[in-house]
Structure formats: C-alpha cells, structure tokens
Number of protein chains: 2
Amino acid sequence: MGWNRVAVIGGGITEFGELFDQELEQLAADAYIQALNSVDKGIDPNAIQAGYFGTVMGTLQGNEIPSGAVLANAIGLVGKPVTRIENGCPTGSEAVRQGCLAVASGVFDLVAVVGAEKLRELPTKDSLLESGRLGHPTLMYARTAATLFAPAATRHMYEYGTTREHMAAVVVKNRENGSLNPKAQRQSQVTVEEVLDSPLVCTPFNVLDCCPQTDGAAAVILCNAEIAERYSDNPVMVAGFGAATENLFIHEKVDQTGFAATQEAARVAYAMAGISPKELDLAEVHDCFSATEIINYEDLGFCEKGAGGRMVENGETKRSGRLPVSASGGLLAKGHPVGATGVSQIVEICNQLLGRAEAQQVEIRNGYGLQHNIGGYSCAVSNVTILSGSPN
Amino acid sequence: MGWNRVAVIGGGITEFGELFDQELEQLAADAYIQALNSVDKGIDPNAIQAGYFGTVMGTLQGNEIPSGAVLANAIGLVGKPVTRIENGCPTGSEAVRQGCLAVASGVFDLVAVVGAEKLRELPTKDSLLESGRLGHPTLMYARTAATLFAPAATRHMYEYGTTREHMAAVVVKNRENGSLNPKAQRQSQVTVEEVLDSPLVCTPFNVLDCCPQTDGAAAVILCNAEIAERYSDNPVMVAGFGAATENLFIHEKVDQTGFAATQEAARVAYAMAGISPKELDLAEVHDCFSATEIINYEDLGFCEKGAGGRMVENGETKRSGRLPVSASGGLLAKGHPVGATGVSQIVEICNQLLGRAEAQQVEIRNGYGLQHNIGGYSCAVSNVTILSGSPN
C-alpha cells in the first residue's frame, strides 16, 4: 500500500545552532557525508546522479543566485545536475519532493537532497523576518514571521477556547524532547510559567513561543525503490507526499483558524500513502510558533477542529502519548535553519521508524511517520511527506 | 527515437523590454494565458495539476522568498503544488526540466512552467551584475557577469585566432534576427563598425557585445506524451535534456576556452535524444555576450573546437544558414529576463518546429531544435533541451 517508488537509504543532520565557525558549504558537506556514511551497505559517492539544494537565504551573504553549483562544489557533485529549490519554510521538504519525482521519472536512480541555511550572521536588513513580506504598500506593513502566524492563533483562542497555557504546553513538551537531542539548538527545558512570563513579541506570542533562527544542514539519499536492497536490507519508503499553495493575503484566506495549504497537502499525501492519520506512529510538524503546532494537529487530521489545545494538554503528543509529535524537539527546540528543516524532519522520522532514535525513540507499531512544513508569505505553501518503515 | 515522454502542448512569451508598467505577477499571468490559449484543442485551466516558477530575483523588490505561492496566486493555481526554481541563468530551462521530471514520474499529467523576471527597476545594489559574485574575499573581487565571461573570450582569441570582428558578426546576426521579432527588447539593427566602436565594458566586450537587462515572462504547458493527443494533433516532444554543474572558480576550470557545464549537459541531452548535432534544424543558445555564442557553437558540437568564429563569419548560423542559431534574436536582441529566458527559448523552438515562427521561420528538415543556457556563478551551471516536432 502506498506510493513506495522511492526509498530513503541514508540521512544526516549537522548540529543546529549558532555556528559562526562554519560556512554554508561546510554545513552542507557535513550533512551529506553523514548521509553517505549512514547507508547500511555503503555507497560509492560517484553513484549519486543528481542533487537538490534546498536553501532560502542562499549563501552567507544572502545573495540571490546561489544556484545548484554551490552545492555541487561543496559536496563533490561537480559535473552532475544540481537544482536549487526555494519554497519558503517548506524549502527542505519541497527539495525532497522534487528529488522523489526525479527518481520516480526513471531518469535517475540515486539522488542527493541537501538543505542548508545560515541565519545567525545576516545583517538585519537581510533577515528572514524582514524578508517575510510581499511588499504590498499597506496590507503587508509590519509583516514578520510572528505577525503572519499570530492572527490564526488569536482567532483560534476566540473560536475554540484555546489558551496561552495550551500553547505553553507545546513549548514545554518540545523543549523537553529537545533536551534529549544533542544536536538541538536549545538544550534547556522550560516551564509553563517561564513561557507565560517571557517577553511579548506579538500577541499572543512571547519570545519562548517562537522558534529560534538557526544555522544548520541536513541531507538524505533517495533511491529507486526497485534497487534499494543494494544499499539497505531495510530501507524506509516514501509512502506519499503532498504539496499545496494558498492565497497570499489574510483577507483572502478561506480558514482563519487553520492553514488551507496544510489541509490540502495532507489530503494529497494521505491519499497517496493510502492511510489515515490514525495509522501514524509519529509526526514532525512545523512548530515555528507554539500555536502553529496546535493548529497543525487539526489541519493534519490528528484531532477534531478546535481540539488541538486539549490534545497537547492531555499529553497525547508527548513521546509516550498516542501520537508523539516533534520527538526531536521540533523547530522550537531543535531550531529552524529553513532550507534544512524539512530534510532534517525526514531524517528524524527515518531514524525513528528504524528504531535508531536513541533517547528520543518512540514506539513503532504501524510503521508510518509524517513530516510537515507550512510557511512562505502568509502561510501560503505547505508540504507533507509520509514515510513507512520499521525496525529490523 | 529519443525520450519523448513529455510533450509541450502550449507556450507563450510576453513582450521583452523595460516594462515599468507591469509587475512580475502580471507578466507571469500574461505568458501563462498566452500558453493556455495556444493549446491547439483548448484546455481547461483547472486541468493543470502543478506549477514550476523559474525566477532569480524573485519579486520586484528582490526579496529572497518568493516561493511558488507567488506564481500560484498570479496565475490561478492556488491549492496546487507550485515550486520555485533558481539555478542562475539556466533558471527557466531548469524549471522546464523539473516540470518534465514531474510529468515523467507519473504523479502529474499536466504541468505549467512559468519563468518571469523584472530586472530593469532594481536598485544597483540588488542588480544581477552585483549578485554575480560568490563573495570570496579576493578571488571574486570585481566579479560581474561581463568579467565572468571575458576571460574565456580573450583566451579563445589567443588560442584560436578568434577576432573582435567574429564577435561583432554574432551581434549583427542576432540584432538582424531581433529586428523581425516584435517582442524583442532591441528592435534596431547594428553594423560591425558600430559594435567595434561602442564603449568598452570589459575587454574584449564593448557595450553592444552585451545582452541587455530585461523584464519579461514566458510559459509552457507540459503534458504526459501518452495523453497529449487530447490537446494537440501535433505536439512537440521533449526528446532529451541535460543539466550539469562545473567548478566555481576560474583557476579550477578544466577548459579555459569553453564551458565544461555546457559540454556535459549537451552530451547527456544528445544521448537521451539519440541524435547528433548534425540532425539539428535550429538552436537557441545563450548569447549573453557575443563571444559566448561562438564558444557555445563549439561546446554544443556545432563545429570543431576553435572554429566557432569562422562558423559565424561564414554565415552558417544565419536564418538561411546550415544551422540557424538564435533566429529569435537571442539574448543580445530579444533580451535576457533570466528566469524567463530558457522558457522563452523553448517556446521559440516549438514555434519554429511547428512552422509557426512567422518572419523568423527557418527551414525544418529533421525536426530537431536545441535550447541552451549557461550561467550561475562562474559559468558553473548549464542546461540543454532538445525538442522534436514538425509542421503539420
């Protein structure tokens, strides 16, 4: 059941954090080498036929035309086709989706996907927050990442009784998970009170409700499923994926308490995988802000509309809960190096499905995990990827 | 013979030029609507399942995260997956290649690819010339588009006796072709003397050796070849394509008088199409500078190494020659709105193969046309697309 035409045979993630001592290219190479080394039966790097480079800010300087050649040079794919993908916050997962399409086309059997980002040393004028605006003279005034997500959060509070305590419970959960992840940017735990008492950024978000800006990279090696056994006795399969777009301006949104792009991407991905949300063993969702995770639960079908706050309150999404969400620590703890984020989520899920997630390991029953991103101008792009696999 | 798994069933190109009165989104929509309207048997826009958005500078403001959602909103694909591709100067042709892979994967039957760029009203600091540098503290100093291509031109003069008159002959040919193209940015013709007497930009290039910066857009509709007859009795087929990367720094280049990325992309594309250069009826190549076209002839196998100057001198690449090159006017006359350029070349070739190129029409014998781009930092990315078709 499911699409299963592409296998993930390797994956790697760098340390996430404030990595002033490493350039974008070094981070990309680190993640890629980890991915190559993780291939169970080994792989000759020369066998990789094409590359995908997910990056939003591009190079350290934030210049506009990194192109795939920057990755090709960084990881030793010179000569081969390498494509740069930029699709807002889902950039990494979108690069993986393009890699899957390329393999499924039959043109390539082995494709590398690397997402990488340097966000910590950009000048303010080039920062992601500053870029998160379309430039409409009035509608987009003071538009930042926080103000993109805040209206849905406040409306969700009004419509469904979601509270600041629910949001803080997301942060507490993900920071606890992150404290077990040696690569996470934020290793410390926090309490509900600390979240509620932290400085206001944009109602209803305090600073601890917001994910950090992060440097980091992640990589996966994708393989034609028909030949995956050459590289692994137990490869993880791409069971399905979906991507979707939404209207750019808030007054055009169909749903003011959810993200239509997520809903549509999830619908397509579940249909392709042939499963319902009930069959998921875990998920890594886009918790760029605390309330985003609550909304994601609903958009992804983990619970009824409006029940997201209670879902986290009841502990259902803890590592020991019925559907662990962001066992890695999520964006809130692990960090959010945009181009790398989606790729890293896919690596985390592969490790979980194979029983290799060490201290973060959750119980694997049905063998399905879901990855999710939402972002771009006005939360207008989303990707969902469903992976299947199980421990040997 | 050839790959032939994807058909081009429609194409459109906007006016190219200094279009202060139109936004990026308007240009994209104009090209897309033209492409839809060009489908022989008509098409319901709702049948389009996915989109690819080729753009380098992104939005009018040059912000970094346009994402596919900007195109989705501009052309009515909201809800569907739309992916932004940026791969230096081959951005448009790379977006088409990704669209082809997506259709060949079996996941989508109908895909729209739109390339669009606004280069004329960017502040100098955000200009493409300024962005054409990697940021290396010394190696890339004073690195602009002209200085990226000039060393190969001067070395070609030294090694092969290529002259400034050869280069000027490229300009004269392409400007003459452009004078027949009502959408070209430069409609006037020039003489060899005018090229040689125009102001110096960077040895050996005078200003008339350089393509202009351009606003414009182009679009194609790609279709699973198996169902293309629903939309056209005579679709153009994608016979093959290749993309390749090269080392980023000039001291690392294998070939100082040619572009290794072009050579490799061409090798892959010819093999996929199952043809040799001799079977081509026409080509649209990346003539960003006059000498680039001469080098392209050699890299693409149109003539022996070092014979490119004589090829243009002998008139072999005129519209009436044995292999017409850039009958549209090329980048030198038509203009170079980066994300749109490659897409527009593919539309031009489709029109030529179908006998619909009006005043620019060349003779179609074997039914093959080739499209080519080279660019990115240090001429390190290239795409070649080979199309097959013939007039009804």
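## Helices and strands in chains A and B

In helix H8(A), the buried residues are A:Ala260, A:Ala261, A:Thr262, A:Gln263, A:Glu264, A:Ala265, A:Ala266, A:Ala269, A:Tyr270, A:Met272 and A:Ala273; a residue is buried if 20 or more other C-beta atoms, placed from the backbone, lie within 10 Å of its own, exposed if 12 or fewer, and partly exposed in between. The model is predicted, so that local features need pLDDT of at least 70 and side-chain atom pairs count only at pLDDT 80 or more, whereas totals for chains, interfaces and linings use all residues. Residues are numbered from 1 along each chain as its sequence is written, while chains are lettered from A and ligands numbered from 1 in the order in which they are written.

Helix H8(A) comprises residues 260–273; helices (H or I, at least four residues) and strands (E, at least two) are DSSP runs, numbered from the N terminus. From first C-alpha to last, its 14 residues reach 20 Å, close to the 20 Å expected at 1.5 Å a residue, the expected span being 1.5 Å times one less than the number of residues. The helix is mostly covered, with 11 of its 14 residues buried. These buried residues pack against strand E8 (236–245), helix H9 (290–299), strand E10 (368–375) and strand E11 (381–388) of chain A, where contact requires C-beta atoms, placed from the backbone, within 7 Å. Just after H8(A), A:Gly274 adopts a positive phi of about 70 degrees.

In chain B, helix H1 (residues 24–37) is likewise mostly covered: 10 of its 14 residues are buried. Among them are B:Leu24, B:Asp30 and B:Tyr32. The buried residues of H1(B) pack against strand E1 (6–13), helix H2 (67–75), strand E4 (110–117) and strand E7 (216–224) of chain B.

Two further helices of chain B, H5 (residues 145–160) and H9 (residues 290–299), have axes that come within 9 Å and cross at roughly 65 degrees; axes are lines fitted to C-alpha atoms, for helices over the stretch in contact, and angles run from 0 to 180 degrees between N-to-C directions. B:Phe149, B:Ala152, B:Ala153 and B:His156 in H5(B) meet B:Ala291, B:Thr292 and B:Ile295 in H9(B).

Strands E2 (residues 50–54) and E3 of chain B run parallel and are joined by four bridges; strands pair if DSSP finds at least two bridges between them. B:Tyr52 stands opposite B:Thr83 in E3(B). From E3(B) (residues 82–85), B:Val82 and B:Arg84 point one way and B:Thr83 and B:Ile85 the other, and all are buried.

Terms used:
Two residues are in contact if their C-beta atoms, placed from the backbone, lie within 7 Å.
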